[in-house]
Amino acid sequence: MGVFNAMETVVAQLFEEFRKSYELKCDCKTCQEDMMALVLNRIPPRYTSSEKGQLFVKGEYTNQQLQSDVMRELIAAAAFVESHQHHRDGTASP
Ligand SMILES: [Zn+2]
């Protein structure tokens, strides 16, 4: 229903790829969401209706330029979140 930002799906999918090759200092939900929020703020949103959304995401997901942009932002976001963790020390949990 309604409208959503297709980039949320693209970034979430690329984040899974990113995690395979990059060892996160903390991979709790808070840090993961912080990273994705940082990336989504830096990548232009692509709002689409939910019906067209799936097709659109498929197209964007194979866009090499977009993939490398998102990956570059993920690396920057991971470095930022690692040095600005929001959750309290020692209380990290999935
Ligand atoms: Zn964390």
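Modeller: H1 passes H2 in a right-handed crossing. Bear in mind that this is a predicted model. Two packed helices are described by the angle between their axes and the distance between the axes. Here the axes of H1 and H2 come within 10 Å. They cross at roughly 125 degrees.

Now the residues. From H1, the contact takes in Met7, Glu8, Val11, Ala12, Phe15 and Arg19. H2 answers with Gln32, Met35, Met36, Val39 and Leu40. Eight residues of this contact are nonpolar, one is polar and two are charged.

Next, H2 itself. The helix covers residues 29–42, 14 residues in total. From first C-alpha to last, H2 reaches 20 Å, close to the 20 Å expected at 1.5 Å a residue. Its buried residues are Cys31, Gln32, Asp34, Met35, Met36 and Val39. They pack against two helices: H1 (6–21) and H4 (64–83).

Last, the setting. The chain has four helices and two strands. Read from the N terminus, its elements run β-α-α-β-α-α. Of the 94 residues in the chain, 33% are buried. Take the contacts in the chain with a separation of 6 or more: residues 24 or more positions apart account for 85% of them.

Key. Residues are numbered from 1 along each chain as its sequence is written. This is a predicted model: local features need pLDDT of at least 70, side-chain atom pairs count only at pLDDT 80 or more; totals for chains, interfaces and linings use all residues. Side-chain values use heavy atoms; hydrogens and water are left out. The expected span of a helix is 1.5 Å times one less than its number of residues. Buried means under 20% relative accessible area, exposed over 50%, partly exposed in between (1.4 Å probe, protein chains only). Contact means heavy atoms within 4.5 Å. Axes are lines fitted to C-alpha atoms, for helices over the stretch in contact, and angles run from 0 to 180 degrees between N-to-C directions. A crossing is left-handed if the near helix is turned anticlockwise from the far one by less than a right angle, and right-handed if clockwise. Ala, Val, Leu, Ile, Met, Phe, Trp, Tyr, Cys and Pro count as nonpolar, Asp, Glu, Lys and Arg as charged, and the others, Gly among them, as polar.
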